[in-house]
Amino acid sequence: MDKRIVILGSGTAGTLTANRLRRLYGESECRITVVDQNDDHVYQPGLLFVPFGLAQPHTLVRSRPRQLHDGIAYQRAEIDRVDLDAQKAHLGGGSSLDYDVLVVATGATLLPEETEGLTGPDWEEKVFTFYDLPGAVGLHHALEHFDGGRVVVNVADLPIKCPVAPLEFAFLADWYFQRTGIRDRVELTYVTPLDGAFTKPVASKALSGLLEEKGIELVTEFTLGEVDGPGGRLISYDEREVPYDLAVVVPLHGGAEYVGRSPGLGDELGFVRVDQHTLQHPDHPGVFAIGDAAGLPASKAGSVAHFEGEVLAHNIGRFLAGQPLDASYDGHTNCFIETGFHKALLIDFNYDTEPLPGHFPAAVGLPLLKESHANHLGKLAFEWLYWHSLLPGRELPGIGSAMPEGGKNHVHA
Amino acid sequence: MPTTTYDGTSVTVDEEGFFTDPGRWTEPMADQIAREQGIETLTDRHWQVIKFMRAEYTVKGTGPTVRVLGKASGVSVKELYQLFPKGPAKTAAKIAGIPKPRGCI
């Protein structure tokens with residue numbers, strides 16, 4: 001067979017999918033083409049550290065095509081739209097790619113312009129995001145010149161990439177202002193649309209406790225309606241106000257723009273509807289989605305893309321062979337949460353099991369839902385694993401796609 | 001699970017008052033649930049949202065978030081908050097007799 005697999009997007013999910021498929025299936029079995037609109041692969045977990053001077057921006061960026069194994073074609077092009085019935089991806093400049101299997105891996109897009117006033121005159125002056133590289137660099141300069149006042153960390157609304165990152169930002173800001181000696185002149189506030197610090201009860205309680213310990217005020221159920229730049233206020237849809245001198249806002253997210261131009265592909269927000277276990281589109285069996293681009297009830301996080309990758313590569317092979325899909329993604333997610341002062345905590349969960357205390361991956365291992373120096377070292381070590389294990393599509397030692405149950409203590413919030 | 005009575009019928013709800021079995025819901029129950037949520041009269045605009053909530057639940061197995069409501073229900077997010085001041089996604093789900101929207105993770 002000579003099947004054509006087209007992968008849209010060469011971020012974490014697209015790259016690891018291409019590399020896994022290339023290893024599993026010979027070049028005579030399938031041709032793999034990866035498309036992306038630019039050649040810069042950003043190590044997104046590193047963006048959190050840039051504002052605090054803990055990561056140098058240029059070290060986070062590498063070439064996209066160089067992360068792909070030999071035997072994978074790479075094409076740099078804008079994606080115009082996908083014609084699902086014709087099984088064809090239309091690219092900028094009028095070219096197109098026919099496919100037998102399409103993998104949508106174009107991630108999530110930041111939509112700051114969708115919130116009234118967010119990209120007004122204060123944008124990148126007093127209102128920042130650290131969710132892209134220019135924003136993170138701009139915020140670094142702003143923090144260097146900040147000498148006190150109200151710092152507000154806000155999530156506009158969900159879904160967002162890495163839902164723990166804004167919390168980590170608040171924890172690191174507390175550490176940063178202590179280190180620069182102005183913590184007593186800074187009022188730190190964490191403003192979230194959720195009814196607690198996090199979505200799941202046990203973790204939410206632990207993380208709310210940490211905010212309190214660090215003297216960070218928590219404002220909940222605040223859905224950002226408007227940013228009043230001249231007045232220095234965030235205003236919610238239900239007309240509550242939070243004043244700021246410096247606002248760090250995680251803007252609304254949507255799927256890639258072309259998804260909206262491809263009838264039948266995505267949902268209202270531009271994320272791709274796929275089965276939460278097989279990752280296959282319900283109406284178009286040759287179409288799959290992985291990572292942030294997928295509209296799943298799972299976090300938009302690199303670990304999710306990694307755990308999905310094993311399932312997806314297997315299922316694509318089954319699909320091309322005309323066999324039923326038998327690999328199942330369980331929603332497994334694993335996140336280090338940096339908490340400042342060279343400590344971090346770790347959470348591990350799936351569709352059915354919320355983040356619980358205990359140890360990972362088994363009874364002897366890293367502590368779960370508890371601050372430790374070992375977890376901080378784990379977070380730092382992850383950058384090497386990202387480029388050398390995760391993107392090449394290798395398994396991480398001792399950690400499989402399915403969530404490990406052993407080592408977790410079932411408690412109630 | 002607690003039970004409560006709407007329109008003379010006993011229904012099961014969760015700790016926060018969301019229906020656990022949407023099949024038990026009937027339109028006449030909506031007015032009473034709305035009043036419990038501080039909404040005295042349900043207008044056509046309210047009903048447009050309530051019907052959209054039930055249709056979405058039937059197709060997707062969970063109620064939509066406020067962002068999806070704003071994009072797809074024909075009612076803007078601003079107006080949704082005027083109609084359901086205590087939070088459109090949760091309040092409308094409660095009145096529409098569907099379980100608490102799962103939201104995002």
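Predicted model: local features only at pLDDT ≥ 70, side-chain atom pairs only at ≥ 80, totals over all residues.
**Notes on the two-chain model**

1. Strands here are DSSP runs of E with at least two residues, helices are runs of H or I with at least four residues, and both are numbered from the N terminus. Two strands count as paired if DSSP finds at least two bridges between them.

2. Residues are numbered from 1 along each chain as its sequence is written, and chains are lettered from A and ligands numbered from 1 in the order in which they are written.

3. Back in the sheet, β12(A) runs parallel to strand β18 (residues 246-250) of chain A, and 5 bridges join them. One pair to look up is V152(A), whose bridge partner in β18(A) is A247(A).

4. How is chain A divided up? The domain assignment gives domain 1 (3-107 + 256-320), domain 2 (118-253) and domain 3 (333-390); such bounds come from an automatic or database assignment. The C-alpha centres of domains 1 and 2 of chain A lie 30 Å apart. Between these two domains, 13 residues of domain 1 are in contact with 18 residues of domain 2, where contact means that C-beta atoms, placed from the backbone, lie within 7 Å.

5. Now a helix pair in chain A. Helix α1 (residues 12-24) and helix α6 (residues 302-320) pack at about 35 degrees, with axes 9 Å apart. Among the residues that meet there are L16(A) and L24(A) from α1(A), and A305(A) and I316(A) from α6(A). By class, this contact has 8 nonpolar, 6 polar and 1 charged residues. Nonpolar covers Ala, Val, Leu, Ile, Met, Phe, Trp, Tyr, Cys and Pro; charged covers Asp, Glu, Lys and Arg; the others, Gly among them, are polar.

6. Chain B has a helix pair too: the axes of α2 (residues 44-60) and α5 (residues 88-95) come within 9 Å and cross at roughly 80 degrees. α2(B) and α5(B) are therefore roughly perpendicular, a label for 65 to 115 degrees (under 35 is roughly parallel, over 145 roughly antiparallel, the rest oblique). V49(B), I50(B) and M53(B) meet A92(B), A93(B) and I95(B), a contact of 6 nonpolar residues with no polar and no charged ones.

7. Also in chain B, β1 (residues 3-6) and β2 (residues 9-12) pair in the antiparallel sense over 4 bridges. Their hairpin has 2 residues between the strands, and D7(B) takes a positive phi near 50 degrees there.

8. Most residues other than glycine have a negative phi, and most peptide bonds are trans. L279(A), not a glycine, has a positive phi of about 70 degrees. Cis peptide bonds, with omega about 0 degrees, join L158(A) to P159(A) and F360(A) to P361(A).

Technical notes
Axes fitted to C-alpha atoms, helices over the stretch in contact; angles between N-to-C directions.
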